[in-house]
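Take a look at the model shown here before reading on. The report is meant to be read alongside it.

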Amino acid sequence: MLTPRQMCRLLIVASKDQLAPVVKELYRSHMFHIEDFVVEGREGYDGFSIGTPLTGATEVSTDLVKVRSIENVFQIQPADMETTVKRRHADLKSVIERELPAIGREVEDLTGRRLKLGATVKECEQKITDIAPFAAIPVETELYRGYERFTVIAGYVSKDVAVPEPAEVHFTKSKSSNFIVVVTPNDHRSDVDRVLQEANFQAVPLPAGTGMPQVIIDGYRDQITSAHREIGEINQKLTEIKGRHSEFLVACEEILKAEVDLAEAPLRFATIGQTFVAEGWVPSDKVEPVKEALAKATGGNVFVDEIAVGEHDPVPVEYNNPPFARPTQLLMDTYSRPKYTELDPTILVSIVFPIFFGLILGDVGYGVLLLVMCLGLRKFLKGEEGQQLLAVLRNASISSIFFGVLYSEFLGFPCPWPYLLPSRHLNIGAHATGHGPNIPGLMMMAIWIGIVHITLGRTISIANHARQDHGSHRIKSVLANVGWILMIWGSLFLIWSMVPMPYMPDLSGLPPVVLGLNVPSLIGIAALVVGIICIARESALEIVELPTIFSHALSYSRIVAVGLSSVAIAMVVNYIAIGMLIEPQLENITLVGVIFIIMGVMVFLLGHVMNTALGILGGGLHSLRLHYVEFFTKFYKGGGKKYSPFGLTRRFTED
Amino acid sequence: MAAEVVAAVITDLEVMKASQIGMKAIAASFAIVGTAFAAAWAEMAIGSAAVGATAENKDIFGLVLLLTVIPETIVIFGLVVALLLIF
């Protein structure tokens with residue numbers, strides 16, 4: 001439970017003619033995590049080389065690429081698809097050979113045509129842009145070209161210009177630019193150019209084609225419209241094909257992927273002469289079944305042996321958690337998967353994370369809202385990670401309801417029963433009465449949680465070092481962590497013996513024994529001294545980190561702070577909506593009053609929706625942060641390699 | 001005469017009390033303003049780097065989200081101080 005699944009290292013040796021049955025059996029069992037063979041740098045593998053793919057690998061790969069390209073056109077994501085019916089592998093294989101090329105050709109033709117039409121649309125739009133400025137001039141386009149003694153100049157100018165005679169000028173003024181067309185004898189060209197340059201002239205090409213510019217533009221517009229219509233028809237056809245074949249395509253991808261994996265597996269094995277060697281990992285409890293299955297598949301012509309696991313071997317890590325803790329593995333993977341040798345804290349996180357979330361967003365109303373949202377979203381969020389996230393959020397919202405009952409809160413309103421945890425009700429509004437929130441109580445609660453959580457982290461660190469380290473280093477590391485625990489509790493004893501604090505033992509009244517210090521303070525001082533020595537023995541630099549015992553414990557006060565801010569927003573929303581907008585109007589209902597009441601309801605709904613969103617962010621992120629920063633830094637290294645067994649979980653096909 | 005003196009002293013005391021509450025509120029607001037500004041400043045730098053890093057590699061979103069909220073501790077300490085001042 002607190003450790004990852006036990007793994008065994010397996011060595012499989014057989015002659016090359018057994019390659020296909022061995023690979024097939026390993027794929028079917030879906031248990032063997034292949035350790036890829038690297039040619040250089042492996043001890044005991046001199047003269048070995050990587051294997052060659054099984055026959056047919058290239059053809060299957062080509063088919064797979066084709067299927068994926070079609071899926072890409074349709075934007076089909078196998079992870080988002082639901083399994084309606086499982087197709088039989090053998091049936092599908094014959095259908096693939098028959099239908100896949102035809103579907104591929106059809107889709108290719110349609111997308112090619114769509115691409116061409118898209119290019120036509122762009123081209124026409126560009127031509128319209130080019131010719132548009134000439135539309136205001138009532139001259140046919142062929143009249144701009146073909147002169148020997150005259151030059152036609154067209155372009156944009158910053159202002160109207162006085163072009164020297166003799167010249168024919170047409171000036172069009174619009175909001176964003178000024179367009180000018182000048183026809184001048186060739187002799188005067190330089191004079192005209194000079195005048196135009198002064199007005200920041202930017203030339204545009206003269207229009208092509210024949211006829212009035214507006215008629216040409218209308219022609220292009222017609223082309224664009226018909227292209228769009230045709231694109232629409234193609235899209236409709238593609239949607240039809242998608243609807244008809246999407247299940248077939250994902251099933252194809254699945255079996256082709258399986259076949260590619262099978263065919264290319266020898267590339268991950270070592271081979272020499274007529275023999276191949278595969279190394280990999282199998283969960284300890286599955287070693288015997290795998291061995292038996294391999295022997296059966298090859299008729300006993302295979303040698304399988306367990307190899308001792310070395311201390312620095314990169315053992316793949318598979319979680320080993322009870323069902324309720326499994327969704328939390330998502331939060332662990334976000335940080336880093338545990339190493340094989342260290343304790344896996346997933347189960348602790350799965351218990352403590354919802355508690356922190358509940359302590360922050362402890363409100364029956366928000367809890368119910370979140371729970372409904374999680375259950376509703378389960379249909380829409382596909383994929384394993386999405387489901388895990390929703391399960392984590394579901395647990396968190398149940399905890400939020402539970403703590404809402406303890407805090408006696410419903411959307412910021414007090415519930416009819418008394419609060420069982422320190423009160424978080426603020427005095428907001430003109431007529432607010434009551435004694436306000438119990439800040440000292442809440443603070444002390446948070447700090448107690450921090451102290452216990454950090455002590456737990458340090459205790460796990462002791463266990464980790466005892467498991468992982470050796471010799472004097474092990475003793476030093478374990479003692480350093482004991483030292484940290486002594487520092488925390490020594491400081492606490494010292495504080496308790498000097499200052500009376502709420503919700504903490506008051507030891508200040510005990511009689512002094514030596515130098516005005518009483519017994520608990522002496523215990524505290526002794527713990528501090530021993531603690532510092534233990535920490536310094538491991539690493540003197542760690543002394544710099546001593547203040548973190550306070551800063552990390554105080555950091556847990558965010559549980560109160562973020563929670564209080566959520567309560568404050570809820571109460572302010574309630575006060576604005578009900579106290580200021582709705583209630584005064586209810587005494588004497590008028591038309592304006594009804595508008596105010598509607599506004600009040602809107603404020604109430606919007607305010608609480610926003611606060612729920614903030615609650616998820618605040619509650620979720622801060623609980624997560626307390627784990628990642630305050631808890632994990634005490635003991636957790638992470639960096640484990642994911643156990644990904646050779647094989648595929650079939651979703652759309654079956655043998 | 002004596003009654004007037006007593007009344008004046010009581011009024012003075014009330015004024016002092018009220019101004020003390022006011023000073024506490026101002027001090028609390030300073031604690032929040034300073035730390036909130038510091039947290040925002042720190043998150044500005046981390047946030048922009050985080051977005052850049054996520055653009056390069058989507059897988060680190062979880063980690064950078066976490067890095068971005070780390071400076072929030074500053075404002076939480078400010079809030080703790082403010083709450084201790086007022087309550």
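**Outline of chain A**

Please keep in mind that this is a predicted model. Chain A holds 16 helices and 16 strands. Its radius of gyration is 38 Å, well over the 26 Å that the globule rule gives for 655 residues, so chain A is more spread out than a compact globule. Along the principal axes, the C-alpha atoms of chain A fill a box of roughly 120 × 90 × 55 Å.

The chain is divided into domain 1 (130-219), domain 2 (343-421 + 557-636) and domain 3 (442-555). Between the C-alpha centres of domain 1 and domain 3 of chain A there are 87 Å.

**The four-stranded sheet**

In chain A, four strands make an open sheet in the order E6-E7-E5-E8, with antiparallel pairing. Strand E6 (168-173) and strand E8 (202-203) of chain A each have a single partner strand and stand at the edges, so one side of each is left without a neighbour in the sheet.

Strand E5 (residues 150-157) of chain A pairs with strand E7 (residues 178-185) of chain A over eight bridges, in the antiparallel sense. Here Tyr156(A) has Phe179(A) in E7(A) as its bridge partner. E7(A) is also joined to E6(A), by six bridges and again antiparallel, and in this pair Phe171(A) stands opposite Ile180(A). Four residues lie between E6(A) and E7(A), which form a hairpin.

**Pairings of strand E10**

| Strand paired with E10(A) | Bridges | A residue pair |
|---|---|---|
| E2(A), residues 33-34 | two bridges | Ile34(A) with Gly280(A) |
| E9(A), residues 270-272 | three bridges | Ala270(A) with Val277(A) |

E9(A) and E10(A) form a hairpin with two residues between them, and Gly273(A) in the turn has a positive phi of about 55 degrees.

**A helix pair in chain B**

Turning to chain B, helix H1 (residues 2-56) and helix H3 (residues 72-86) have axes that come within 7 Å and cross at roughly 175 degrees. An angle over 145 degrees counts as roughly antiparallel, and H1(B) and H3(B) are therefore roughly antiparallel to each other. On the H1(B) side the contact includes Ala28(B), Ala31(B), Ile32(B), Gly34(B) and Thr35(B), while among the residues from H3(B) are Ile74(B), Phe77(B), Gly78(B), Leu79(B) and Leu85(B). Sorted by class, the contact of H1(B) with H3(B) has 17 nonpolar, three polar and two charged residues.

**Where the chains meet**

How many residues of chain A are in contact with chain B? There are 13 of them, and they touch eleven residues of chain B. On the chain A side, the elements that give two or more residues are helix H11 (439-468), helix H14 (548-555), helix H15 (558-586) and helix H16 (591-635). H16(A) supplies the largest share of that side, five residues. By class, the side of chain A that touches chain B has eight nonpolar, three polar and two charged residues.

Conventions: Residues numbered from 1 in each chain as written. Chains lettered and ligands numbered in written order. Predicted model: local features only at pLDDT ≥ 70, side-chain atom pairs only at ≥ 80, totals over all residues. Pairing = 2+ DSSP bridges. Axes fitted to C-alpha atoms, helices over the stretch in contact; angles between N-to-C directions. Parallel < 35°, antiparallel > 145°, perpendicular 65-115°, else oblique. Contact = placed C-beta atoms within 7 Å. Nonpolar A, V, L, I, M, F, W, Y, C, P; charged D, E, K, R; others polar. Domains from an automatic or database assignment. Rg over C-alpha atoms; globule rule 2.2 N^0.38 Å.
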